[in-house]
Amino acid sequence: MEFRRIQGLPPYVFTIIDGLKQQARRAGRDVVDLGFGNPDLPSPATAVEKLAEAAHNSRNHRYSSSRGLPKLREAVAGLYQRRFGVHLDPDTEVINTIGAKEGFSHLMWVLLQAGDAALVPSPSYPIHIWGPYFAGADVRQVPIGPKAANGVAHDYVENVMEAWEYGWPKPRVVVLSFPHNPTTAVASKADLQRLVDWARERDVVLVHDFAYADTTFDGWKPPSILECEGAKEVAVELYSMTKSYSMAGWRVAFLVGNREVVAALAKLKSYLDYGTFQPIQIAATVTLNEELEYPQWTSSVYESRRNALVEGLERAGWPLEKPKGTMFAWARIPEPYAELRSIEFAKLIVNECDVAVSPGVGFGPQGDDYVRFAMIENEQRIAQAARQLKRGLTKLG
């Protein structure tokens, strides 16, 4: 039997490491899992209590709206005004999505079809590559650039412009996401403004996945692309409550920005879903309006974990540039092990160190010289992982 939309998908490389991790744990070994980026912090008590209250009201058990409740969209507009100084019309420039992956995937259906092309970063969060592919488009992976290893995204802007100039047919969509998963690179407002100015002169839509808008360190505050002059003419942005509010399983995100693109997604979603369960929308509304400091708390926890990881790897002989954002660290494979590439090196780490990480090649071919650490364990467990790496990776200095 042929399954046409998924027959071109490669094996999901992360399952290889997960299988080794499960095998080691069944054998009684204590594996520190720094692989899958699944937030371990609790959701706000406000959200949990409001969800329970709203779920007891049977009126909330009916179909909701795929666009999101008006009060929820108003709360998102309020957040953007406070946080970024960006005015959004909640009726025309905001739509609720069932998580950022759903929003992004269906957005690609709206923007692309067979014969179209999209530019996406490499390495990249996998759905940024496969979302356009599922829409039938040609996906052109653009290197994010060597400076990404030092936390800078400047090269990607240049590489996008060059790829568009020499590509045919001309790409209709450019995907970006800063702070970036997996490389942790960040973009300045000047970089984003250059991209907006460039896109305004061409028939290009910029799609910015802003998943780590609030998960940033050392006082760094990443800009929304909508802060740029003229951005609403060409750009949309995905904002999620997954990391900022540690609400991963709730599946609450938003597409904001260009009203024509928002309206197009709303039209498609009206055929596909009835929106997020209404008690979740009500709980999210109250959380956005009342838990103003929660993103800062989650960010401070991840910053402390980042410090523990970087310091621990330094002691192990594996120096690492401090990430400015995300809940990850992007680590080049140490020179004594470089010939192994990312899958074999990640296997070695599980087998010899009882630590699970993600192979960089799982984020695209540009990532094969790296592994990704997810900071989903507390500082003590991260320090334990670093000690186990030092003990097991005997070739490190």
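Biologist: Where is the place of Ser 240, and which residues does Ser 240 touch?

Modeller: This is a predicted model, in which local features need pLDDT of at least 70 and side-chain atom pairs count only at pLDDT 80 or more, while totals for chains, interfaces and linings use all residues. Residues are numbered from 1 along each chain as its sequence is written, and side-chain values use heavy atoms, with hydrogens and water left out.

The protein chain contains 13 helices and 12 strands; these are DSSP runs numbered from the N terminus, helices being H or I of at least four residues and strands E of at least two. Its C-alpha trace spans about 60 × 55 × 50 Å along the principal axes. Buried residues make up 58% of the 397 residues, where buried means under 20% relative accessible area, exposed over 50%, and partly exposed in between, with a 1.4 Å probe and protein chains only. Among contacts (heavy atoms within 4.5 Å) between residues at least 6 apart in sequence, 76% join residues at least 24 apart.

Ser 240 belongs to strand β7, which covers residues 235-240. Ser 240 counts as buried because its relative accessible area is 4%. Its side chain reaches the backbone nitrogen of Thr 242 at 2.9 Å. This is a polar contact, that is, a pair of N or O atoms within 3.5 Å; within protein, one must be able to donate a hydrogen and the other to accept it, and residues adjacent in sequence count only if both atoms are side-chain atoms. Not counting residues up to four places away in sequence, Ser 240 touches Ala 100, Val 252 and Ala 253.

Ala 199 lies in helix α7, residues 189-200, and is buried because its relative accessibility is 0%. Beyond residues up to four places away in sequence, Ala 199 touches Val 204, Leu 206 and Val 234. Ala 199 and Leu 309 are 110 residues apart in sequence, and their C-alpha atoms are 38 Å apart in space.

His 87, by contrast, is found in the loop between α3 (70-84) and β2 (94-97). His 87 counts as exposed because its relative accessibility is 55%. Leaving aside neighbours within four places in sequence, His 87 is in contact with Gln 81, Glu 93 and Lys 232. His 87 and Gly 257 are 170 residues apart in sequence, with 9.7 Å from C-alpha to C-alpha.
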